[in-house]
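Biologist: I would like to learn how to read this structure. Could you take me through it step by step?

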Amino acid sequence: MLLTILYGFSIGAILYFISIGLSLTFGTMRVINFAHTLTYSIGVYVLITCIPWMKGNFIPAAIIAILAVIPISYVIERYVIRRLYGESLDYTFIATFAITLMGVDTIKWIWGVNPLPLSAPLGTYVEFWGMTFPVYRIIIFVIAVALFLALELFFRKTIMGKIVVAALEDKDGVRCLGVRVDKYFSLMFILGSALAALGGVLYAPISAVHPYMGLSVLLLAFAVVIVGGMGNLRGTFISAFSLGMVMAITARYWSQGAETMVFIVMAIVLFFRPIDI
Amino acid sequence: MNPTHRLFAEPSPDQDFSPKKVRTGLEILIIGIGFLILIPLISLHRVTDFMIFCIFALSFDLLYGYMGRLSFGHLLYLGTGAYIFGLFIKYVHNNAFLAIVLGMLAAGVLGMVLGLIMVRATGACFSLMALAFNQIGYFLVLSPLKEITDGENGFGVHAQSIGFLNFNSKITLFILTLGLILLAFYFLKRLTTSPYGILVRSIKEDENRVRFLGYNTYFYKWVTFVAASSIAGLAGTLTALNYRFVNPNVMDVHQNVGVVFACLIGGAGNLYGAIIGGVAYMMISNFLAIYIQRWEMFLGIALLIIVFRFRKGIWGSLQNLGEYFQRTKEIRPVEGKRA
């Protein structure tokens, strides 16, 4: 049972990495970013390419993977999403979906359709109270908590974070103060995409790697964001970990039903809560 | 000029009613002839396939084009129709007509239940929920219901012939599908030009104002959702009948983009647009995919172009062209007077 809880925390951490970007993009720009799957998968594929190049070192390869996503997400933001500001949500959804299609096809072109192997960088286990825990999952959880604290600090203490929080509340008000909101939005978009890549890089070793891998994870992240509230950063944190726990506990008793259970929880939450988007 | 294009068409007086009927009849005739012309160009089996997709596109258009709800999980209802059709024929009875009706009903009932939750959402939240439910459905047929649905492999559907109708012959299937698509078109035409249809389009424009006028928008949205899912279910039963085979691919989440693309390229919010778009998409996916290997790339680029430059679609552009010619005709006499 303790192991299940740890698994729940690690899945929740991954979901948090991916959904925070979605939540930020929606909260600031009112854009549902389907291209998040793309940055997620590209991060993983760059990682796979870089590991042999880095002589098997996981951490530098991971850093390169996350950095590689930044220019791509900048291009997406600059040339597609910025043109769709203030448009109906449907169009942004379709446009970002189109980007995903193109990106997935590019991945298939470069790396092939078949799943690629990627083993966990840390195979070691630690023993506590007579039970063994995989270290890798503990590290994921620790990174997630550290990231949450860092983001909290960023949004509370730095001027950039304060501007973004204020823009989440009232975009036009911030613009009236003479702040160039778009610049900060584009930074948030890049930050969100980089975090998605981080999530992908951390999750790929314990899941399968194939061109369509982003989609199922993105659906889960959307569920997290909807349950936690769009643009609500702390809500996203809580809902990511609770849904991760739901997944882990369901998987313990019925392994195939884990993802479906998340959607059922989402439906129940939506049924009782007013929908704000 | 197409009366459906205006938001508030004037209520037509009684003597105006009969030309309207004639006009609808003519339109149905033109669509039927259009599909008949397609037969020599591509094979009969393909035309049936195209028509089934067009029924699906019509149902999607009711939801997206008329009500403004972009569903990224509309294949769920098509898949439900297909599965109920197949399961009924496999386990209960071999009557295809009964199975078609049941498949439609099942999709409608599913739409009723999910619609209760779904129609409260708007915009992207609606799309995401649809996507999530589609994923659940796909998962259900794939693994927990594996004993009945045969999981990934799917199962064959062999409908017995009823009277003179032999469901194994391509011609019978073609005529049946043609009849059903014309029926669906007629039904949707009546629905969308009625006051109810105008109300649904007003909901797309501004739901708050419609609610302010005293209408229970929730109910109207729900009814539209149920209608769209039933028609999608009809398309599903026909898919199963046409391929004589059902497998989980009929509700694969990734395939949803096809119908969105079809609706957009044809012109959303118009029944002809849906049919033209359906045919165009099927042409592209059937023939272009043979020649172009990077086919998803092409689809993505085309979608981006549509979103940025070509929002009205083929039918919308044709309408613009028609209006342009009409305007030039009207202007000419004025210029003549000046001269």
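Predicted model: local features only at pLDDT ≥ 70, side-chain atom pairs only at ≥ 80, totals over all residues.

Biologist: What radius of gyration does chain A have, and what would a compact globule have?

Modeller: The radius of gyration is taken over C-alpha atoms, and the globule rule is 2.2 Å times the number of residues to the power 0.38. For 277 residues the rule gives a value near 19 Å, and chain A agrees with 18 Å. Along the principal axes, its C-alpha atoms fill a box of roughly 60 × 45 × 35 Å.

Biologist: How many residues of helix 10 of chain B are buried?

Modeller: A residue is buried if 20 or more other C-beta atoms, placed from the backbone, lie within 10 Å of its own. In helix 10 of chain B, 19 of the 27 residues are buried. The expected span of a helix is 1.5 Å times one less than its number of residues. For helix 10 (residues 217-243) of chain B that is 39 Å, and its end C-alpha atoms are 39 Å apart, which agrees. Just after this helix, B:Arg244 has a positive phi of about 55°.

Biologist: Which residues of the largest nonpolar core touch the most other members?

Modeller: In soluble globular proteins, nonpolar side chains tend to be buried together. A nonpolar core is a set of buried Ala, Val, Leu, Ile, Met, Phe, Trp, Tyr and Cys residues joined through C-beta atoms within 7 Å. Here the largest has 192 residues, and A:Ala223, B:Cys54, B:Ile55 and B:Leu58 touch the most other members. Helix 2 (residues 44-66) of chain B gives the most to this core, 15 residues.

Biologist: How many residues does each chain bring to the contact?

Modeller: Two residues are in contact if their C-beta atoms, placed from the backbone, lie within 7 Å. Chain A brings 29 residues and chain B 28. On the side of chain B that touches chain A, helix 5 of chain B supplies the largest share, eleven residues.

Technical notes: Residues numbered from 1 in each chain as written. Chains lettered and ligands numbered in written order. Helix = DSSP H or I, 4+ residues; strand = E, 2+ residues; numbered from the N terminus. Buried ≥ 20, exposed ≤ 12 C-beta atoms within 10 Å, placed from the backbone.
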